[in-house]
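Visitor: I'm new here and would like a tour. Could you show me the structure and take my questions one by one?

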Amino acid sequence: MKALVYNGPRDVTVADVDDARIEAPNDVLVKITATNICGSDLHMYEGRTDFEQGRIFGHENVGEVVEVGAGIDKVAVGDMVSAPFNVSCGHCQNCEHGLTNYCLAANVEGMAGGAYGFADMGGWAGGQAELLRIPWGDFQCLRLPEDAAEKQNDYVMLSDIFPTGWHAVEMSGLKPGESIVIYGGGPVGLMAALSASVKGAAKVMVVDRHPDRLRLAEQIGAIAIDDSQGDPVEQVTAHTKGIGADRGAECVGYQAHDPQGNEDNAATLNKLVSSVRFTGGIGTVGVFVPQDPGGPDELSQQGKARFDFGNFWFKGQQMGCGQAPVKRYNRHLRDLIAENKAEPSWIVSHNLPLEKAPDAYKHFDAREDGWTKVVLNPAQAA
């Protein structure tokens with residue numbers, strides 16, 4: 001089969017690899033029809049993780065079931081399914097408590113949480129390929145409605161960024177009628193803005209500096225805050241009558257940069273603390289890692305950050321963090337899409353064949369204007 005293979009920093013190619021196949025009775029084999037390039041893929045693409053050469057990227061996947069293992073009894077050949085990026089067994093202690101983001105069976109001993117095509121997340125092959133093996137298929141696969149092909153660009157967001165944006169807002173504690181500021185206007189930040197709007201936020205503010213992202217935020221009624229044009233904390237304060245936002249979401253992660261290009265892994269966290277009111281809540285879904293050898297200083301290389309804990313404590317705020325437990329949300333979000341209550345595909349800028357993936361990674365990594373979300377379609381002719 002064809003698959004996107006990692007060769008080293010900023011070097012990926014589409015190559016012939018061994019076909020994904022059924023390996024266990026509870027496996028499901030899916031022919032991938034849509035798979036996204038995610039912002040978190042860029043950490044690996046840029047060489048900022050220990051992603052192994054020869055592995056396949058891709059954790060945002062939708063496809064058609066083409067084969068099932070002998071132990072599968074719910075999912076059938078021909079079903080269109082969304083596969084959560086979390087690889088999870090459904091039976092361990094964490095999964096039984098809904099914490100599929102920290103499955104105890106999907107990774108090596110001593111590590112919790114698995115994911116397709118992701119560093120340190122269990123070694124599972126990714127879905128930027130023609131075929132994907134989904135383990136524990138009856139538990140993991142979310143079957144899609146009859147409009148799956150028509151709304152594929154919407155449903156493909158269910159594997160990661162829509163639930164992740166929703167999770168950020170959920171962890172922030174947002175209540176209807178409250179305000180929220182979201183740092184980061186990439187795909188996850190825009191999904192957080194959409195989620196906040198669906199949840200009844202009175203005011204949604206998105207902080208970024210890329211005009212195309214800010215335009216997309218405005219299209220769903222959010223207030224665009226350009227941090228290259230002035231202190232974002234002051235801008236948020238002005239929009240909230242000097243009080244600060246009720247809630248905040250961190251959707252940038254450990255490679256945060258200021259408008260001048262200086263990297264600081266604590267920058268957005270500290271600005272959020274200053275932007276959110278006393279006793280407000282913050283949800284953090286941007287990726288942070290225990291070690292970052294490519295970090296700009298010794299502290300960040302150890303996975304540590306200069307977090308302004310004093311201000312955070314003084315303001316009595318609360319913070320939730322971690323990967324999203326996709327299965328907690330994806331069924332409900334699927335139904336919002338099916339009933340035309342949410343259309344996450346408004347961020348999609350490109351639908352491309354798999355063969356175009358290496359070039360698409362270059363454009364997306366460079367944050368070029370107009371490259372906001374790339375969907376790869378392996379069956380599409382080059």
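**A short tour**

Visitor: Is N107 buried or exposed?
Guide: Before that, a word on the source: this is a predicted model, where local features need pLDDT of at least 70, side-chain atom pairs count only at pLDDT 80 or more, and totals for chains, interfaces and linings use all residues. Residues are numbered from 1 along each chain as its sequence is written, and side-chain values use heavy atoms, with hydrogens and water left out. Buried means under 20% relative accessible area, exposed over 50%, and partly exposed in between (1.4 Å probe, protein chains only). N107 has 14% relative accessibility, so it counts as buried.

Visitor: Which backbone oxygen does the side chain of N107 reach at 2.7 Å?
Guide: N107 sits in the loop between α2 (93-96) and β7 (114-115); helices (H or I, at least four residues) and strands (E, at least two) are DSSP runs, numbered from the N terminus. A polar atom of its side chain lies 3.1 Å from the backbone oxygen of D120. At 2.7 Å, the N107 side chain reaches the backbone oxygen of G113.

Visitor: Why does W166 count as buried?
Guide: You'll find W166 in helix α5 (residues 161-172). Leaving out residues up to four places away in sequence, W166 touches S195, V198, K199, Y329, L333 and L336, where contact means heavy atoms within 4.5 Å. W166 counts as buried because its relative accessibility is 13%.

Visitor: What separation do the C-alpha atoms of W166 and G283 have?
Guide: Along the chain, W166 and G283 are 117 residues apart. Their C-alpha atoms are separated by 9.8 Å.

Visitor: Which residues of helix α7 are buried?
Guide: Helix α7 covers residues 211-219, and G221, with a positive phi near 90°, follows it. The cover over its buried residues includes α6 (187-198), β11 (203-208) and β12 (223-226). Those buried residues are D212, R213, L214, L216 and A217.

Visitor: How far apart are the end C-alpha atoms over residues 187-293?
Guide: An unreviewed UniProt entry places "domain: Alcohol dehydrogenase-like C-terminal" at residues 187-293; such annotations may be inferred rather than shown by experiment. Over that stretch the chain is 36% helix and 23% strand. The end C-alpha atoms are 26 Å apart.

Terms used: A polar contact is a pair of N or O atoms within 3.5 Å; within protein, one must be able to donate a hydrogen and the other to accept it, and residues adjacent in sequence count only if both atoms are side-chain atoms.
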